[in-house]
Amino acid sequence: MDNEELEILEPATPRGKLRSKILSAIISFLIVVVLAVIAATLVKRYYTVTFYVNGSSMVPTLDGGDPQIKDDGDKLILWKNPNIKRGDIVVFRRAEDDYALVKRVIAIGGDTVKLEPTETGVNIYINGKLLDEPYINEPMDKDRVDNNQTVTVSEGAIFCMGDNRNNSSDSRAFGEVQVSDVIGKVLLIIDAETNDISFPKK
């Protein structure tokens, strides 16, 4: 016996305890799944809405697809009741329209917007500061604005324009948009062709 090694064995886990652990793990997993589904449902119902782009007013930022085919353009996930800032892309429906529009917010309440034609296009000044716009499709045609058009945006309103300035009906034509008419701010963009998901760029 002196030369023999004694092997000490761990006591076997009782089957009842093992079953209890497995059952507990399954219940915990199901609870997590149920909570995730409930959270996703609440977010979708109360905080987000889906919108499909139709038209070319936001090219190259957004693809409107074939205007003759329903829901052929980029899919947008909108955040309802957002805190709107300059540079945001929003979807709104004015009372006088029976359709929604998607545009970029150029100015918010209290801002002064000046559109100044130049030899190469139109400069936009917000509160006297030249606006840098790397997102536009091409320089704005001088004929698309009144000479030195200047607007002070009302509180509770926004001034919006399409990124495709020469093919967009926006605040240059119909004036400021009431924040109360905004359906939502673009949170995610789902590419119409690749289904790739991206965030809107400012």
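What share of the 202 residues of the chain counts as buried? The figure is 32%, with buried meaning under 20% relative accessible area for a 1.4 Å probe, protein chains only.

Before you click around: this is a predicted model, where local features need pLDDT of at least 70, side-chain atom pairs count only at pLDDT 80 or more, and totals for chains, interfaces and linings use all residues. Residues are numbered from 1 along each chain as its sequence is written, and side-chain values use heavy atoms, with hydrogens and water left out.

Start with the whole chain in cartoon view. You'll find two helices and twelve strands; these are DSSP runs (helices H or I, at least four residues; strands E, at least two), numbered from the N terminus. Along the sequence they read α-β-β-β-β-β-β-β-β-β-α-β-β-β.

Now select β5 to β8. These four strands make an open, antiparallel sheet in the order β7-β6-β5-β8. At the edges stand β7 (129–130) and β8 (149–152), each with a single partner strand, so one side of each has no neighbour in the sheet. Strands count as paired if DSSP finds at least two bridges between them.

Zoom in on β5 (residues 112–117) and β6 (residues 122–126), an antiparallel pair with five bridges. Pick Leu115 here, and you'll see Ile124 of β6 opposite.

Next stop: Asp97, in the loop between β3 (89–92) and β4 (101–108). Asp97 is buried, at a relative accessible area of 13%. Show side chains, and that of Asp97 makes a polar contact with the side chain of Arg94 at 2.9 Å (a pair of N or O atoms within 3.5 Å; within protein, one must be able to donate a hydrogen and the other to accept it, and residues adjacent in sequence count only if both atoms are side-chain atoms).

Note on methods:
Buried < 20%, exposed > 50% of the residue type's maximum accessible area, 1.4 Å probe, protein only.
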